[in-house]
Amino acid sequence: MAAPALRARAISKRFGPVNALSDVDFVLETGEVHALLGVNGAGKSTFIKILSGIYRKDEGVIEVGGEAIDCRDPKDAIRHGIATVQQHPELVADFSGYENIFLGREAMRPGLFSRIERGDLSKRAGALLKRFPVDIDLSKTIAEMSAVEREIVAILQALAGDHIRVLILDEPTSTLTEVEKTILFRLIDTLRQGGISVLYITHRLEEVMEIADRLSVFRGGRMVASMLVDEVRARNLSLAELMLGETLDHVFPPKAEPDAIGEEVLVVRDLTAGNSFANIGFALRRGEILGIFGLVGSGADEFAKALFGAIPVESGSIAIRGRPIAPRSPREALKEGIFLVPGDRRVEGLALTETSVFNITLANLKRASSAAGILKRTGNRRASTEFATRLALSPPNLSMPVSGFSGGNQQKIVVAKGLFAEADVYIFVEPTVGVDIGARAKLYGLMRELSRSAGVIVMSSDCDEVHGIADRTFALYKGRQISPPDGLQTRNRLLMAGIMGELSRD
Amino acid sequence: MTRSLVLPAGSGRFIAFLLLVVVVATAFTLAEPRFLSTQNISAVTRHMAANGLAALGLTLVVIVRKFDLSFAGTACFAAMTIGYLIALGQPLWISIPAGILVGAVIGAFNGVAISYFRLPDIVTTIATGSIAAGLAFVYSNGRTIFQNFMTSGILDLNDARVFGYSLSFVFLLGLYAVAWFFMHRTRYGASFYATGENPVAAYYSGVPIKHYTMLAFVACGMTSVFAVLLILAESGTADTNEGANLLMPAYAGVFLGTALLGRTSVLATLAGTFLITMLLDGFSLLGIPFYYSDGVVSAILLAGVVFFDARLRDLLGDIGTYLQPRSAKKETRA
Amino acid sequence: MTDVIAHRSVARLDAHRPKKGLVSRYWLLVTLVFMVAVFAFLRPQLVDSSNIATILRSSALTAIMILGLTWVIAAGKIDVSFMHVAALGNMTTAYLLAGGHGWLVAGLAGVSVGAIAGFFNGLFVAVMRIQPLIVTIATGGICASIAAALGKGTSIRIADPGPLGDLIFTNIGPVPVIAIAVAVLYAASWYAQEKLTFGHYIFATAQSEAAVDQAGVSVRNLLMVLFVFSGVMSALAGVLLAASLSSGQPMIGSSYFIDGLTAVLLGGMMVRIGKPNVLGTTTAILILAVLVSGSALLGWADYQRQIIKGILLLIGVAVAMRAVRTHHSQHPEA
């Protein structure tokens, strides 16, 4: 029997006192698509980095095609046939697709002063496309390409060295729409048929079931499960529970009781913004959480920004507690009481080198300072301490730069910012990206608590999350709102609405 | 909070800085005892004033993560403007504000071009600085202006003493104190820092970031005029070249201060400027010729940046290519 | 089915891609021709044989000075030390000549200091990853100081321009020999830029150093080569200027600063919009030289010319920004 494409035995890796990986065994067969699952810190990225040569293993053996290998750096890994495509591949924007594919490999001899034969490049690209047929115009520049085309270019670049046997894809679909995902999956199928083995890392559990042959779950630095996807399906196992090591029952807090739901806090009618979204409307009440399920490209991101004044609105109305508003900037939106908890908190939500107090008071500097503009330092510190306690910020060190906090705690600091801004409506966009499943439960509890005194909207591309946390949901599909009259839906109906854009009869 | 001196991290570096000052002062005094004389200290404080003033506005620009290479040219133009008005017989309370207005207008132009039209900062300010330096010649076709200087009272700015220290030094300290308070105890300073640290987060927090970026450039233009005013007062004439030498020491002060104290701030710039002025003064006392001064300042700047460069790298990491708008850089990320 | 897809994709590779508008790529050349026409109409002496020779000669020297700079900026870095490196090369040569050495030694020494300066620039920018503006402000200041020191604050007379002087002042018809030499140099440079991986990697580096590094090309080595080359070229220009002026001038660099940057950046608006390139630099240098000559013939003052140059730079940058942004916004992410 032929040796597997890749085999790892008893791999261990320590960083100081921390065991990042302990005694990991792993097998990747030829032509197999193998998904790696696990929460942040479970060890899967460490494992991948060892395979791709970024880290060196402390113990264990790695074999490619039956031959033991030792990778000292990424170039070694490539030489042994292991290529990696990062989550956000680095490409040269104004170079064409095929120039990117053969970057560094343009000429016979590598070096700074070799002749480039552009005609030769397109011939070689043609040969590559014969091996892995995919419908793409490689003469376009990267800047002109869509997200999936760029991913394809990155994959072709990884495969351009002919001897690659193992391709590692790190979160390849994080920026792709549903349609684009299909295109990518077709390419992966082609790779599989071409004998390339694919290691597929993702957080999206539905994708795993769709594309992978086998999956392995990391938890606490160990490989806790490795099985065929068919088997998972047959036994109806919960991947999330495998990753967490516990049942999911208590991740989401209980829904709101009907008599706990109060007055209308936010009423949106027929909100439209050009090509992004049209005719969105709903009424949000105090005490209930509204969930909006929207995938990449559905207009959800734009809608959130429009509510927050960051994107102009063409028509429709927004009213807070009966008062019509039309925010033209986040500054105005904040004044009216709308607070956005942005999707990427490191990029959009926090000034990382500043302290918690600084960040918490930033959205309401008026309250944080006197009429003359002088900061009320004691008062601000006191308020921040109160919020930190209420939100269980850990560690409760308000003088530390916020970069030192974990993802979940950073999210709490952003929420505290909204509390300090005395917001009436909180809009959470992709609230638990990069947040440990354990910390997610606390965050969901926080949202429920917030909803008792303010309106809470949760927008996410994770259907389970939206369905689990919200009292009422609707889906966004290509800018249109898909919601049934009664508001509440089953999880599968919500999923269908967001993926297909129509209401299905259960 | 991290910027106050009571924090362990901040005060550690500050104490290290003070030790450095003591070491340098001791070294110079051993080589040349005149270094610690009242006369010399007075000279140091006076020389520090012009450089320190120019560096103050630049500090704001660097805090919002931009560069300004125009303020030397702006200073030249403003100096000639002031000189021209003085020569025409205008009183100081008209001439000086007119010069400051020039600085503010050029700064505003920079700010609008860079902040609202998103032109690259380095190249744009090189251009505006060059235009301003050329405009300096307009008043007198390049000839030095000196009429009425003696009688206008401008020389008093240089000669006046407050508690034994030159008026210019006291003004410097006063302005720095106000600036420090502004940056670290008011919401406006917080907005500046937020704009520089993470413009997107600041925008989503309601901070008008374009406004603040523009204001930084206006401030830089204005402080360069304060600086050149002191040079005018000392020389008693207005030259088209008056402000040309402000660029290097200002950058040295800001970045040396950043390297020494760990982050760009009013205090850091003051420390950096002080150290540089002290070193320059010491070298000149030791008889090293004037034309070495730029080189000395440069070498110190380089040494400071190289040895403390980790922080600087983080601070300036995203000011990479500047011919391309920010959106182009993001294109390469899928 | 798969074959069809493959064939379709391959076919698209060979499809003729229409070049971006001819006008937007060559408007600078058109401007040059237009300018020559206008000035020649107003002052026919512009196209006198001797005047053309002067224009070509000064263009040639500038072209040597900023050839390396073109690529440094094209790679996404800035260098504001080049004019001081030229001054250092200039003064080194003059100093050694005055000390009795021959032109061979003096010239080689002059060029070598440029290589050393370039090496340090490369060391700090490429290896230690310190922000290029700060590094080159500092190294420029050091070079300027050393240059001044060599002449003790003043210029050095050169008795005999030697063979280099002959090279510079010999003409073939209206064309100076040096201009021909430079044309050959630029032709070779164009080849390296367009046909070799050298230029390819320069432009790639400007957009994503990470992509280039991951592709196995050492960005560090590339940048080091560029900085050393730039230092050598600037210093070479300085050496030639010494022969040309029969003296070493410590301040010789200052007028080349704006001109050099303007030429590179304006030139970047041509051929490859937003990317400095050899052809564009050539055209822009000629434009500036014609501007100088024509405006001198028209009796404009130096400072008026300087203002015009600054405005040109500003317009050029604004135009380029718009061009780059429109291009990128026409092809948004799907």
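Strands here are DSSP E runs of at least two residues, helices are H or I runs of at least four, and both are numbered from the N terminus. Two strands pair if DSSP finds at least two bridges between them.

A word on the model. It is predicted, so local features need pLDDT of at least 70 and side-chain atom pairs count only at pLDDT 80 or more, while totals for chains, interfaces and linings use all residues. Residues are numbered from 1 along each chain as its sequence is written, and chains are lettered from A and ligands numbered from 1 in the order in which they are written.

Now β13 and β19 of chain A. Strand β13 covers residues 289–294, strand β19 covers 472–477, and the two run parallel over five bridges. Gly291(A) faces Thr473(A) in β19(A).

Which helices pack here? Two residues are in contact if their C-beta atoms, placed from the backbone, lie within 7 Å. Axes are lines fitted to C-alpha atoms, for helices over the stretch in contact, and angles run from 0 to 180 degrees between N-to-C directions.

Strands β1 (residues 6–15) and β4 (residues 59–64) of chain A pair antiparallel over five bridges. Arg7(A) has Glu63(A) as its bridge partner in β4(A). β4(A) also joins β5 (residues 67–69) of chain A, antiparallel, through three bridges. Val64(A) is bridged to Glu67(A) in β5(A). β4(A) and β5(A) make a hairpin with two residues between them, and Gly65(A) in the turn has a positive phi of about 60°.

Domains of chain A. Domain 1 is 6–244, and domain 2 is 250–336 + 464–506. These bounds come from an automatic or database domain assignment. Over C-alpha atoms, the domain centres lie 36 Å apart. Domain 1 and domain 2 of chain A each give four residues to the contact.

On to chain B. Helices α8 (residues 167–185) and α13 (residues 266–285) of chain B cross at roughly 150°, with axes that come within 9 Å. Which residues of α8(B) meet α13(B)? Tyr176(B), Ala179(B), Trp180(B) and Met183(B) do, against Val266(B), Leu267(B) and Leu270(B).

Last, chain B against chain C. Here 47 residues of chain B contact 42 residues of chain C. On the chain B side, α5 (121–135), α12 (247–261), α14 (293–307), α15 (309–316) and α16 (326–331) each supply at least two residues. α5(B) gives the most, with 10 residues.

Chain C itself has 14 helices and four strands. Of its 334 residues, 58% are buried (20 or more other C-beta atoms, placed from the backbone, within 10 Å of the residue's own; 12 or fewer is exposed, in between is partly exposed).
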